[in-house]
Amino acid sequence: MVSLSATTPFLLFTGQNSSTRILPPNSLRHNNNHRNIDHNKVACACIAPPPNFKSHDSSAINFNGLSKADHVNTAWDYEDDSDVLIECRDVYKSFGEKRILNGVSFKIRHGEAVGIIGPSGTGKSTVLKILAGLLAPDKGAVYIRGKKRVGLVSDDNISGLRIGLVFQSAALFDSLTVRENVGFLLYEHSTMSEDQISELVKENLAAVGLKGVEDRLPSELSGGMKKRVALARSIICDTTKESIEPEVLLYDEPTAGLDPIASTVVEDLIRSVHIKGKDARGKAGNIASYVVVTHQHSTINRAIDRLLFLHQGKIVWEGMTDEFTSSTNPIVRQFASGSLDGPIRY
C-alpha cells in the first residue's frame with residue numbers, strides 16, 4: 001500500500017496508461033543521455049475539452065432553482081454525462097475493523113471547483129487517495145471519463161485523464177533546488193533539453209507569482225512559497241507532447257499551517273490555474289477541474305463553487321457555496337458556526 005506520509009515525500013505521476021511512478025529524491029538525473037524516458041508516463045497540466053463537451057455546460061453547477069441542502073440523493077439535471085471526468089459510485093472503504101467510507105457517491109464535471117468538507121477523521125483525505133488511484137475501494141467503483149477503474153491506478157489501463165495531487169505539506173525534496181523540484185518530472189521522463197526545462201520551470205513559477213527563486217533550496221523558502229512551488233510542480237507540462245489530456249487537481253488542505261494573508265494568496269492561485277481563471281502572467285489556467293479538501297472557511301468562500309459535506313463516511317449534504325451558511329441541515333449549521341452544540345461530537 002502506498003503511504004502519503006509527509007515525512008517520506010514522493011511524487012505521483014500519471015500518464016496515458018494511468019500508471020503510477022513513485023520516485024525517490026535521489027533519482028534525479030541531470031544528464032539527458034541517462035534519462036529514463038517513458039512518454040506514456042509523463043504527467044502534465046495542460047487540458048483539452050472532453051469529447052462532446054458543450055461550452056454552456058462549463059459554468060458552475062446549475063441547480064435549476066432547487067436547493068440541494070436537503071435532497072442529496074436527487075439526480076443532477078443533466079441530459080448526459082459527457083462532461084463527467086470522475087465519478088465515485090457507492091464507495092466503501094475500511095481499514096481493519098474501522099469503517100471510513102460508507103457509500104460515497106458524487107461526480108466531478110469539467111470546469112468544476114469542488115470542495116470536500118466535514119469534521120476531522122471523516123474520510124476526506126481517503127476520498128482523495130481513492131480518486132487519485134492510490135487506494136482501491138473495498139466496494140463500489142471509481143469511473144474515469146466513464147470507464148471503471150479496476151484496482152489501483154498502476155494496475156489499470158484507462159486513458160483520457162490525468163489526476164494530480166498537491167500535498168498538504170508541499171512534499172518538496174529537501175536536497176533539490178526549486179528548479180529541480182518543479183522540473184523533476186521533465187528531467188526524468190522527457191526528451192526536453194536542460195535549457196527548455198529551465199525556461200518552462202521559470203514560466204510555471206511565474207504563473208504562481210514566484211520569480212528568481214529557481215536556485216533556492218526548500219529550507220530557504222517560507223511556508224507559503226513552498227505551497228506555490230508545489231503548485232507549480234503540479235501544473236508543469238511537457239510541451240513537446242503531440243496530444244495532451246485534461247487534468248484534475250486534488251488539493252489536500254492547501255492552506256493548512258498558513259497565516260490568513262498567505263492563505264489568501266494560495267486560494268487565489270488555486271483559482272488562477274483553473275480554466276476559468278487567469279494566472280499571475282494574465283494567461284488562462286489549464287486545470288480542467290479541481291477538488292479541495294479543507295476546513296478553512298476562507299478557502300470555502302474564495303476557492304470553491306460546490307460543496308460536498310462528508311460525515312461518518314457519508315455525504316450528508318451538498319450545495320453551492322452560497323448555500324453553506326444558510327443551510328437548515330443541523331450538521332452543516334454546527335460546522336459553519338463552530339458551535340459545540342449539535343450532532344458532531346469529538
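Buried, in this talk, means under 20% relative accessible area, exposed means over 50%, and partly exposed is in between, with a 1.4 Å probe and protein chains only. By that cut-off Trp-317 is buried, and so is Phe-324.

Some bookkeeping. This is a predicted model, so local features need pLDDT of at least 70 and side-chain atom pairs count only at pLDDT 80 or more, while totals for chains, interfaces and linings use all residues. Residues are numbered from 1 along each chain as its sequence is written, and side-chain values use heavy atoms, with hydrogens and water left out.

I will start with the sheet. Helices (H or I, at least four residues) and strands (E, at least two) are DSSP runs, numbered from the N terminus. Two strands pair if DSSP finds at least two bridges between them. In general, strands of a sheet pair through backbone hydrogen bonds, either parallel or antiparallel.

Here there is an open sheet of 6 strands, in the order 8-9-10-5-11-12, and the pairing is mixed. Strand 8 and strand 12 (314–320) are the edges, each pairing on one side only. From one strand to the next the twist averages 20°. For angles, axes are lines fitted to C-alpha atoms, for helices over the stretch in contact, and values run from 0 to 180 degrees between N-to-C directions.

Now look at strand 8, residues 162–166. How many of its residues are buried? The count is 5 of the 5, so strand 8 is largely enclosed by the rest of the structure. As a general point, side chains in a regular strand alternate between the two faces of the sheet. In strand 8, Arg-162, Gly-164 and Val-166 point one way, Ile-163 and Leu-165 point the other way, and all are buried.

Ala-113 stands opposite Tyr-290 in strand 10.

Helix 1 lies across strand 5, strand 8, strand 9, strand 10 and strand 11, and runs at about 155° to strand 9. Helix 5 (residues 223–235) lies across strand 8 and strand 9, running at about 155° to strand 9.

Next, aromatics. Rings of Phe, Tyr and Trp (for Trp, the six-membered ring) pair if their centres lie within 6.5 Å; planes under 30 degrees apart are stacked, over 60 edge-to-face, and the rest tilted. The search of the whole structure gives 5 aromatic pairs. One is Tyr-251 with Tyr-290, edge-to-face, 5.8 Å centre to centre and with 90° between the planes. That pair links distant parts of the chain, with Tyr-251 in strand 9 (residues 247–252) and Tyr-290 in strand 10 (residues 289–293), 39 residues apart. Tyr-251 and Tyr-290 are both buried. Another pair is Trp-317 with Phe-324, which is tilted, at 6.4 Å centre to centre and 55° between the planes. Trp-317 and Phe-324 also belong to one aromatic cluster with Phe-309 and Phe-335.

The criterion is NZ of Lys or CZ of Arg within 6 Å of the ring centre and within 35 degrees of the ring normal. The charged end of Arg-89 sits over the ring of Tyr-143, 4.1 Å from its centre. Lys-139 lies over the face of Tyr-92, 5.0 Å from the ring centre.

Last, salt bridges, defined as a side-chain nitrogen of Lys or Arg within 4 Å of a carboxyl oxygen of Asp or Glu. The whole structure has 11. Lys-107 and Asp-81 meet at 2.8 Å, N to O. Lys-107 is in strand 4 (residues 98–109) and Asp-81 in the loop between strand 2 (21–22) and strand 3 (84–95), so this bridge ties together parts 26 residues apart in sequence. Lys-107 counts as buried because its relative accessibility is 18%, whereas Asp-81, at 40%, counts as partly exposed.

Which residues does the bridge between Arg-306 and Glu-112 bring together, and at what distance? Those two side chains meet at 2.7 Å, N to O. Arg-306 is in strand 11 (residues 306–311) and Glu-112 in the loop between strand 4 and strand 5 (113–117), 194 residues apart. Both Arg-306 and Glu-112 are buried. Finally, salt bridges with shared partners join Asp-81, Asp-83, Lys-107 and Arg-109 into one network.

Notes:
Contact = heavy atoms within 4.5 Å.
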